[in-house]
Amino acid sequence: MPEASPRSPDAATPARILLVEDELNMARTLAKNLERAGYQVEHAPHGEAALARLESVNFDVVLTDLKMPVMDGMDLLRAMHERHIGAAAVVLTGYGTIESAVEAMKLGAADYLIKDARPQEILLTLDRVLRLSSLQNENARLRREIRRLHGFGEIIGNSESMEAVYRLIDAVSQNKSTILLSGESGTGKELVARTVHQRGILRDAPFVAINCAGLSETLLDSQLFGHRRGAFTGAVADHDGVFRAATGGTLLLDEVAEVPLGLQAKFLRAIQEREVTPLGSSRPVSVDVRLIAATNRDLEGEVRDGRFRADLFYRLNVVHIELPPLRARRDDIPALVEHFLGRYSEQYQVAPKRIAPDALEALSAADVVSLADLPPAVRGGPAPEATRGTVGPLPTLAESERELIAAALQKSGGNKNEAARLLGIDRQRLYRKIEKYHL
């Protein structure tokens with residue numbers, strides 16, 4: 001009984017092979033063997049010609065020589081990687097060495113063969129690579145479907161910009177690289193940090209988060225690195241600090257741009273040396289944490305202005321994940337609306353609510369929420385006069401304070417220093433209020 005023709009990963013058509021080989025006789029022999037086995041084969045004489053073809057036609061496998069004129073196999077693999085060309089690559093060369101094999105695999109080659117390999121060995125290798133590619137494609141499809149139906153962990157959205165964030169989360173969750181999360185207030189930086197932790201190799205270890213804003217330098221020093229009893233007024237017992245509390249797990253430093261300049265050198269040493277020295281002690285203590293820093297500031301701008309150390313910035317900016325604001329991913333608004341309607345219906349034990357199509361369209365189309373869209377008490381204008389004898393219930397002082405702080409944050413564009421100035425209070429007090437009211 002004849003074998004079935006090899007299929008592409010979508011199983012609908014015979015697999016397409018791009019053969020990249022400068023020796024014409026070798027190319028003819030390989031192409032004939034592959035076509036007899038049922039593959040569709042095209043030939044390119046060097047990497048540059050192959051790259052041009054790959055940018056206009058989809059291939060399942062690139063079978064490439066290494067030593068070629070114009071553009072060799074290694075440069076072709078680099079270009080495929082940089083341009084996100086999805087075809088699997090198999091390197092076939094007469095100049096096989098361990099070093100070139102390792103480099104080719106690092107550049108994304110799925111396998112490596114010597115030119116004098118038997119035809120059957122080449123065919124078995126291609127079959128194995130195609131099967132693996134099919135499994136990877138199916139896995140990616142299922143992941144997209146799960147995200148479409150359920151989001152990514154607790155993160156909601158399947159827009160193109162969020163898909164890019166998900167790919168980065170998938171990649172970094174499998175190692176312990178330091179991550180810098182940037183994005184405007186409300187873009188979900190802590191949620192992303194928790195997702196990286198929960199999906200990764202450290203999921204069973206502690207996740208500890210600290211907000212670096214609103215604390216004095218001494219108190220932040222103590223919270224980060226710990227202190228010994230008697231180190232300062234009120235230090236009545238030893239305290240480990242968050243670096244030690246997160247040992248073996250993940251430490252999120254939120255609003256890292258707020259770390260005082262005088263404390264940044266100690267922070268840098270903790271990252272470089274993997275050790276901390278508690279206040280009141282001269283003996284360093286080893287720590288092992290996965291560090292994630294988050295900020296709504298332009299840290300490179302802070303470096304230029306002398307408010308943040310350049311060496312600390314480079315230590316933190318190993319993997320950078322920038323979170324898009326909602327206005328840049330409006331396609332996610334319907335899913336977010338559905339999520340929050342379901343969440344709060346369940347929280348308040350009421351029947352599930354639905355949103356009218358015109359209301360959803362208005363939410364998705366709005367560029368900004370203007371002052372006119374806010375209640376009179378929030379925008380500072382006079383509230384509608386109550387009919388004599390029918391005064392409605394007054395908001396509590398806490399409710400009024402929360403609305404006022406929220407309005408100040410909105411007017412300042414999320415800049416907490418400016419919001420504190422508008423409210424006539426100091427920044428530390430504002431941070432305590434934000435924490436209190438979960439703003």
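This is a predicted model: local features need pLDDT of at least 70, side-chain atom pairs count only at pLDDT 80 or more; totals for chains, interfaces and linings use all residues.

Trainee: Okay, in which sense do β6 and β11 pair, and over how many bridges?

Mentor: In general, strands of a sheet pair through backbone hydrogen bonds, either parallel or antiparallel. To see one spot in this pairing, find Leu181, which stands opposite Ala294 in β11. For β6 and β11 the sense is parallel, and the count is 4 bridges.

Trainee: How many residues of β11 are buried?

Mentor: Look at both sides of the strand. Arg290, Ile292 and Ala294 point one way, while Leu291, Ala293 and Thr295 point the other way, and all are buried. Strand β11, residues 290–295, is mostly covered, and the buried count is 6 of 6.

Trainee: Now the open sheet of 5 strands: which are its edge strands?

Mentor: Read the order, β2-β1-β3-β4-β5, with parallel pairing. An edge strand pairs on one side only. At one end, β4 (residues 88–93) is joined to β5 by 4 bridges, and Leu92 has Leu113 in β5 as its bridge partner. The edge strands are β2 (40–44) and β5 (111–114).

Trainee: Which strands does helix α1 lie across, and at what angle does it run to β2?

Mentor: Helix α1 covers residues 24–36 and lies across β1, β2, β3 and β4. Helix α2, residues 47–54, lies across β1, β2 and β3, running at about 155° to β1. For α1 and β2, the angle is about 170°.

Trainee: Which elements give two or more residues to the lining of the largest cavity?

Mentor: That cavity holds about 40 Å³ of space. Its lining is Leu30, Asn33, Leu34, Pro119, Ile122 and Leu123, with 5 nonpolar residues, 1 polar and no charged ones. The elements you want are α1 and α5 (119–150).

Trainee: How many charged residues line the second largest cavity?

Mentor: Its lining is made up of Phe243, Ala270, Ile271, Arg274, Val287, Val289 and Leu291. By class there are 6 nonpolar residues and no polar ones, and the charged count is 1.

Conventions. Residues are numbered from 1 along each chain as its sequence is written. Side-chain values use heavy atoms; hydrogens and water are left out. Buried means under 20% relative accessible area, exposed over 50%, partly exposed in between (1.4 Å probe, protein chains only). Two strands pair if DSSP finds at least two bridges between them. Contact means heavy atoms within 4.5 Å. Axes are lines fitted to C-alpha atoms, for helices over the stretch in contact, and angles run from 0 to 180 degrees between N-to-C directions. On a 1 Å grid over the protein atoms alone, a cavity is a set of points where a 1.4 Å probe fits but cannot get out, and a pocket is an open set with protein on both sides within 12 Å along at least five of seven lines; lining residues have an atom within 4 Å of a point. Grid points are joined across faces, edges and corners, and a volume is the space filled by probe spheres set on the points. Ala, Val, Leu, Ile, Met, Phe, Trp, Tyr, Cys and Pro count as nonpolar, Asp, Glu, Lys and Arg as charged, and the others, Gly among them, as polar.
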